[in-house]
Each structure stands twice: as C-alpha cells, then as structure tokens.
Amino acid sequence: MNAPTMTMIPQADPGAGYRAQKAEIDAAVARALDSGWYILGKEGAAFEQEYAAWLGAGQHAVGCANGTDAIALILRGLGIGPGMTVATVSHTAVATVAAVEMVGATPLLLDIDPDTYTMDADELVSVLEDPPPGLPPIKAVIPVHIYGQACDLGPMLEATMAAGIPLIEDCAQCHGATLGGRKLGTIGTAAAYSLYPTKNLGALGDGGVLSTADAELAERIAAIRQYGWRERYISSMVGVNSRLDEVQAAILRVKLTALDAGNARRRAIAAAYDGALAGGPIAPPARRAGAEHVFHQYVLRTEDRAAVQAKLKAQGIGTGVHYPVPVHLQSAYKDRTPLGPAGCAETAKASQEVLSLPMYPELTDAQVERICAALRDLAR
Ligand SMILES: *Cc1c(COP(=O)(O)O)cnc(C)c1O
C-alpha cells in the first residue's frame, strides 16, 4: 500500500489532546496569565486539591516540576539518601533510577515478570529477606506500574511492611488504574506521577505531582520543594526548587476533567486491538486479574519486532519501543549498578521484543480500524 494520500498515524500525539480541549485550555491559560501570579498560587493549590479529591482515599497531593522530581521529593521527604539502597526495576523510564541517584541513594535493579513487565514480586521478597552482599541497607522500594497496569502489590506490601520500609508507587504511567478496586497511588506509602505531555494526564510542558495519605509527609515535602521554606525566605530544612507553575496547573485542571473518559477510550481501543490480534501470531498484552489497566501503552511482544514494525510502518502506522535498552545496560549505568539475583535476564529479553502501538484517546474510529486491519494482516 503506497497511496500518496495515506497519512501516518503517530504512536503518540500530545497535540491532539490539546486540540480536543482547546477552548477550555486557552481560557485557563489566559486566566493564569491575567492573574499576575505565576508560581505556587491559586491554580496550583486548586489542582492539588482537585487531584487529591479525584484520587480519594484521604490523599494529599503536592505539585512539583516533573515526575522524576516527584520520586526524588518523596525519597527526600522520607529521609532516604546516601548510605541506603532503594530497590526498583531496570525495565522503566531511566527517570525512576535517576531519581534514586539524585538523592544519593544506591539503586538495586530487580527483574520483571515477563507477562506483565512489572517488578518480580518473588525476587523482591527474596532480596528483602536476604539482601545482596556489599550493599547499603535497603530502605525503600519503588515498583513501577509500567504501561498503565498494576504491579503485584499484595506480596510486595507484605514484604515491605514486614521489613518496616516504605513502598513508593511510580505512577507515571497509570493515572486512574486500579488494583482490587483501589486506585493505584493510594495503596503504598506515597506515589509519584509524571505529568509529561504524553502521559495519561499530561501538561503542555513539564509537570509532576505526588500523593500520600500521610498529611505530615505531604506538608514536609511541600516545604522541601521550595528550599525547605515553611515561611517565606526562611529554610527550616534543606530543600530544592521543584515547583509546578500556574499556567501548567491551570491546564492540568482542564485536562483532569477528561482523564476518566480518556482512560475509558484507551480501554476501548485496547479491546479493538485485542480483537484484531485474536487467533494471530502475536498475543494481546496480558491483564492482571483484579486490576483495571489504563493503557498508557498497548504493548505487543514479538521476536520479529523489526519486521512487524516495518510492516506497520508501510501501512502508515507509527510504533514505539518502551524501552529499547534497559537502564542497567545503558552506558551511564552499565557495570556499576547493582542487580538482584535474577540478573535482569527477563528485562533484557523484553527490551528486545516489546512494541508499542498508537495509543491516545483522540485516535478516531477510522484510525483504530486502519490499525486493526493492519494487525489482522500480520496473521497472513
Ligand atoms: C515519564 C516517567 C517518569 C518521569 O517523569 P518526567 O515527568 O519525565 O520526569 C518516571 N517514571 C516513569 C515510569 C515514567 O514513565
């Protein structure tokens, strides 16, 4: 198929999210600009309240500059730093690991379950019982709800509670997903959410937010994000600068009103892809029982990735790879970042085989049908 009229369907399209709410977003931006107050004002406070209310479960929300900082701020707020290890995964955005090193702690990278791509709960249990030698004590765990699907939090929480350490949920990809009927981000000690433009809840620039049911922790982190100020110009503790600006907060208040519908649309698109793949050579992505997936990414797994990618590209369908190189094999981290006993073997294998299809609520029915037709073609 090489019709010159064929338009490419991009794998992600943050501009479509803006256009879908353009009038409301433009009005919100104008309101923020007209206010004459640009950092940590009414819009930011209102976004924090509205986001916490949307999460429910007694959560307090604190806005910050980006999702990486949200993780680092939680670690700082919990007193995690040098001389401590934080267990997380290598199959993630590098941001998760970067945040651990930002506070001076040592990341320990565990392997994943090959079906859900989330942290191997058994390996976590085993490293908490029997930590790898030569490492500082493990003082926190950061599982990542990758692609919009819950980790196996039950046994992980049991293990972290037994060890008396916090479990921090990396919710950068799972705004609105649930496990056992509870929203992700409300189950662990605290949660970090990226508001990067392509995320399920995306700003039109950088942004992040974190949440916790612990009011005291939220208050401490709110001070840490601005130089440790509780009183203007007076640092009551050492802090950083990681603030959410008023324009982004105003935009996010509008975007938040479309999040649940956007997630429902993502699930409907996922169901259409599932149907198109049925009976073909590539299985639809696994769903964890008792969890509601929000499909930040719809991820296929195939040993013929390059060929599948090329076939889809020939039909005008963009794809992505999340992520092509695991963190522990990237040159900045290679040969110096400790791994769990499984050696991240499943992680390395997955990175060779994962392929993300186009996924965003603004995909039209016609575009979804075109993608489904191309998926059905893969069986031929
Ligand atoms: C996007 C992302 C982050 C980092 O968010 P930024 O806002 O880009 O700093 C962290 N963890 C995961 C899993 C992500 O996908």
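## Close-up views of a predicted model

**View 1. Asp 13 and Arg 19 form a salt bridge.** This view, like the others, comes from a predicted model. The side chains of Asp 13 and Arg 19 meet with a nitrogen-to-oxygen distance of 3.7 Å. Asp 13 is partly exposed, at 23% relative accessible area. Arg 19 is exposed, at 53%. Side chains of opposite charge can pair when their charged atoms come close. A search of the whole structure finds 14 salt bridges.

**View 2. Glu 43 meets Arg 31 in a salt bridge.** The N to O distance here is 2.7 Å. Glu 43 lies in helix H3 (residues 42-55), and Arg 31 lies in helix H2 (residues 22-35), so the pair ties together parts that are 12 residues apart in sequence. Is Glu 43 buried or exposed? Glu 43 is buried, with a relative accessible area of 8%. Arg 31 is partly exposed, at 40%.

**View 3. Glu 43 also meets Arg 253 in a salt bridge.** The side chains come to 2.9 Å, N to O. This pair links distant parts of the chain. Glu 43 is in helix H3, while Arg 253 is in helix H9 (residues 246-256), 210 residues apart. Arg 253 counts as partly exposed, with 23% relative accessibility.

**View 4. Helix H9 is mostly covered.** Of its 11 residues, 10 are buried. Among them are Val 247, Ala 250, Ile 251, Val 254 and Leu 256. What do the buried residues of H9 pack against? They pack against helix H1 (14-20), H2, H3 and helix H10 (259-277). Look also at the start of H9. There, a side-chain oxygen of Asp 245 reaches to within 2.9 Å of the backbone nitrogen of Val 247.

**View 5. Three strands make an open sheet.** The strand order is S7-S6-S12, and the pairing is antiparallel. Strand S7 (182-183) and strand S12 (291-292) stand at the edges. Each has a single partner strand, so one side of each is left without a neighbour in the sheet. Two bridges join strand S6 (residues 178-179) to S7. Which residue of S7 stands opposite Thr 178? The residue is Lys 183.

**View 6. Domain 1 touches domain 2.** Domain 1 covers residues 16-256, and domain 2 covers 259-377. Their C-alpha centres lie 23 Å apart. The contact takes 50 residues from domain 1 and 40 residues from domain 2. About 3,600 Å² of area is buried between the two domains. Carbon and sulfur atoms give 55% of that area.

**View 7. One salt bridge is counted between domain 1 and domain 2.** In this view, the side chains of Arg 336 and Glu 101 meet in a salt bridge, at 3.0 Å from N to O. The count of residue pairs in polar contact between the two domains is 30. Several elements give two or more residues to the side of domain 1 that touches domain 2. Among them are H1, helix H5 (94-102), helix H6 (121-129) and H9. Which element gives the largest share of this side? Strand S3 does, with five residues.

Terms used:
Residues numbered from 1 in each chain as written. Predicted model: local features only at pLDDT ≥ 70, side-chain atom pairs only at ≥ 80, totals over all residues. Heavy atoms only, no water. Salt bridge = Lys/Arg side-chain N within 4 Å of Asp/Glu carboxyl O. Buried < 20%, exposed > 50% of the residue type's maximum accessible area, 1.4 Å probe, protein only. Helix = DSSP H or I, 4+ residues; strand = E, 2+ residues; numbered from the N terminus. Contact = heavy atoms within 4.5 Å. Polar contact = N/O pair within 3.5 Å; in protein donor to acceptor, adjacent residues only side chain to side chain. Pairing = 2+ DSSP bridges. Domains from an automatic or database assignment. Buried area = accessible area lost by both parts, 1.4 Å probe.
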